[in-house]
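Me: Please walk me through how to read a few features of a model. Here is the one I have.

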Amino acid sequence: MSKIVRSTSEFLIPFIFIFGLYMIMHGHLTPGGGFQGGAVFASGMALLLVAFGSHKLEKKSKAHVLSMLESTGALAFIGLAFGGIAVGFFYNFLVGSSIFGHIPPSGPNRGDMWTGGTIPLMNMAVGLKVIAGLSLIVLVMALASDKTGSQK
Amino acid sequence: MRRVAAGISLTIVIAFLAVTALLVHPFGHPPAQMDDYIIKNTQRETGANNAVAAVVFDYRGLDTLGEATILFTAVAGVVMLFRKREGETTR
């Protein structure tokens, strides 16, 4: 792409990535969550892809690394779900413990980052999974279309 | 024969619709109290201010597991479709 597109995306990319990560981290307090934040982050990856080309991006983020990250997120999610198996599948066993264990007062309140039990951790697992998965889809399809496009 | 079958199935559908229309809850009376329960108890039970996140990841976590599996399957399908095959001839 042209220099204008490249400079603008260089300026915008950090904000898009930080907004996506913020959405994932604050999923249990504000609207959004793992899926939505991961989609925002992956749209930033798509912008990088459009601006700099798939081969340059493939040097920085290998496809098999992204695949491994996606599987890691899925395994972490299922592992957290199995963590409360003593009471029930997907039981929130971290409420009241020392990890994300604060219980907020009922009704409107300021919001406390250290609440939610397993929900923030599951948000992070799902966020990692969605980031890696959607980036992998975009990257693999762009690489394939580059290959066939250059052979015409 | 086909007209008779069509007539019978149409009668069944109309009867089903009529019975359903008669059984609809009156206005202002929700059929379930689950939403009230979640609004009242989310913060105490899960500690999360965001009730939607609590429903998605706690009360209905199994559903989210299915969504994650769908994403996984989609990624696996795309990677399989666009993989580099050995001995692939360039056209």
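**Reading burial, cores and confidence**

Reply: Start with one residue. Ser135(A) is buried, at a relative accessible area of 4%. Keep in mind that this is a predicted model.

Me: Why does 4% make Ser135(A) count as buried?

Reply: The cut-off is under 20% relative accessible area. Ser135(A) has 4%, so it falls in the buried class.

Me: Where is Ser135(A) found, and what does Ser135(A) touch?

Reply: Ser135(A) lies in helix H5 of chain A. Leaving aside residues up to four places away in sequence, Ser135(A) touches Ala42(A), Met45(A), Leu66(A) and Val130(A).

Me: How do I read a nonpolar core?

Reply: In soluble globular proteins, nonpolar side chains tend to be buried together. Here the largest nonpolar core has 18 residues. Phe17(A) and Leu48(A) have the most contacts inside it.

Me: Which elements give two or more residues to this core?

Reply: From chain A, helices H1 (3–25), H2 (34–52) and H5 (118–150); from chain B, helix H4 (61–81). H5(A) gives the largest share, seven residues.

Me: What does Leu48(A) touch?

Reply: Ile13(A), Phe17(A), Gly53(A) and Leu57(A), with residues up to four places away in sequence not counted. There is also a second, separate core, of 17 residues. Val130(A), Ala48(B), Leu65(B) and Leu71(B) are among them.

Me: Where in chain B is confidence lowest, and where highest?

Reply: Begin with the whole chain. Chain B has a mean pLDDT of 86, and 92% of its residues reach 70 or more. Confidence is lowest in helix H2 (residues 34–46) of chain B, at a mean of 87. Helix H1 (residues 2–23) of chain B is highest, at 93.

Notes. Residues are numbered from 1 along each chain as its sequence is written. Chains are lettered from A and ligands numbered from 1 in the order in which they are written. This is a predicted model: local features need pLDDT of at least 70, side-chain atom pairs count only at pLDDT 80 or more; totals for chains, interfaces and linings use all residues. Side-chain values use heavy atoms; hydrogens and water are left out. A nonpolar core is a set of buried Ala, Val, Leu, Ile, Met, Phe, Trp, Tyr and Cys residues joined through side-chain atoms within 4.5 Å. Buried means under 20% relative accessible area, exposed over 50%, partly exposed in between (1.4 Å probe, protein chains only). Helices (H or I, at least four residues) and strands (E, at least two) are DSSP runs, numbered from the N terminus. Contact means heavy atoms within 4.5 Å. pLDDT is the predictor's confidence in each residue, from 0 to 100.
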